[in-house]
Amino acid sequence: MIVKRRKVPLTIRKLRALTRRLSPNHPKIPLIINDLKKREAGYKGECSIDFPLSFLQPKSYFIFHDLRLQDQSRFFQMDTLLVSKKFALIIEVKNIAGSIYFDPHFNQLIRTKDGKETAFPDPIVQVNRQESQLKNWFLKNGFPSLPILSLIVISNPQTIIRTSPENRKLHYKVIHPDVLPSRINLMEHSIIDSILGEKDLKKVVRILNKYHIEAASSILERYNLTEEDLIKGVICENCKGFPLIRRHGTWFCNQCQLSNKDAHIQVLRDYFHLLGSTITNRQLRDFLNISSASSTTRILQSLKLTSKGANKGRVYSLNFDE
């Protein structure tokens, strides 16, 4: 049973909004686009395990995607966590093409592609740390000592996996997606006793879901940008021209003649991802690049947003948790 479903990560949504709102000639654009491509490749890799996981018995496993928990003053995020009566399984997914070599001496992953070698942090070190943090989290919340296991899934089926001869047990830890259901079944049969009863299992699942904390860092601060760097106004979804003109409740593009009544929704979505979850009439007017306070009020009222305050002091709450 999927408890926490997979969705496009917030960081990707923020980066997509940022690429829309920066000039193509902005000096930070190459870096931002490169980071976006890496994040999207990682997300694509994470999605590769959805089909293999669908072969598991839904009543036996509770699945959390992108679960982020707090361990003391630190946070840790797991690509996927499976919880059953017998064990908890952390699944870390890596989307790396080419040939990869797990170096057990220096704890690094070396990728060879097109004749070029690139070093990455060792994902085994990463999942071992996550195992320790999840164990601490279970103890802190008063749950029974559940065996915590981990797997590293290399999402690209054409990626060649190698290691040194003495690292003979690597294949127990590192697999391709197709092997995932059988490996989980093997874990299930290798542990005889159930640690959690039905009631305790449901409590663990409920508390895990409750204590997920979404990362809320500012994407502008990450790249040392400010609101002044952003393109304002409604951007045409067809030709990318801007700003669109609003007439009689509809947005018009002077370049390609496209009309759209709801084009302001994307602007609000971009504002939410880049500048915050609350907005005033004045702030929206500025970001829409229009002067009419009454038009802006009608837009905000049409979206049925919750608000606090009155008149010029009214603040609206945005929520685009896609």
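Me: I'm new to this one, so where does Gln130 sit?
Reply: Gln130 has its place in helix H4, which covers residues 123-140, and please keep in mind throughout that this is a predicted model.

Me: And is Gln130 buried or exposed?
Reply: Gln130 counts as buried, because its relative accessibility is 4% and the cut-off for buried is under 20%.

Me: Which residues is Gln130 in contact with, leaving aside its neighbours within four places in sequence?
Reply: With those neighbours left aside, Gln130 is in contact with Phe76, Gln77, Met78, Ile90 and Glu92.

Me: Let's move to Arg68; which strand is that in?
Reply: Arg68 lies in strand E2, made up of residues 62-71, and among the residues that Arg68 touches are Phe76 and Gln77, both of which are also contacts of Gln130.

Me: What else does Arg68 touch?
Reply: Not counting residues up to four places away in sequence, Arg68 also touches Phe75, Tyr211, His212, Ile213, Glu214 and Ala215.

Me: Changing topic, which residues does the cis peptide bond join?
Reply: The cis peptide bond joins Phe242 and Pro243, with omega at about -10 degrees, and Pro243 is found in the loop between helix H8 (219-222) and strand E11 (245-247).

Me: What is phi near for Asp114?
Reply: Phi of Asp114 is near 55 degrees, which is a positive value in a residue other than glycine, and for background, most residues other than glycine have a negative phi.

Me: Where is Asp114, and is it buried or exposed?
Reply: Asp114 lies in the loop between strand E6 (108-113) and strand E7 (116-121), and it is exposed, with a relative accessible area of 77%.

Me: What about phi of His248?
Reply: Phi of His248 is likewise positive and near 55 degrees; His248 has its place in the loop between E11 and strand E12 (250-252), where it is exposed with a relative accessible area of 83%.

Me: Last one: what can you tell me about Val174?
Reply: Val174 is in strand E10, residues 174-175, and is buried at a relative accessible area of 6%.

Me: How far apart are Val174 and Leu151?
Reply: They are 23 residues apart in sequence and 6.1 Å apart in space, taken from C-alpha to C-alpha, while the contacts of Val174 beyond four places in sequence are Phe102, Ile152, Ile154 and Ile161.

Terms used:
Residues numbered from 1 in each chain as written. Predicted model: local features only at pLDDT ≥ 70, side-chain atom pairs only at ≥ 80, totals over all residues. Heavy atoms only, no water. Helix = DSSP H or I, 4+ residues; strand = E, 2+ residues; numbered from the N terminus. Buried < 20%, exposed > 50% of the residue type's maximum accessible area, 1.4 Å probe, protein only. Contact = heavy atoms within 4.5 Å.
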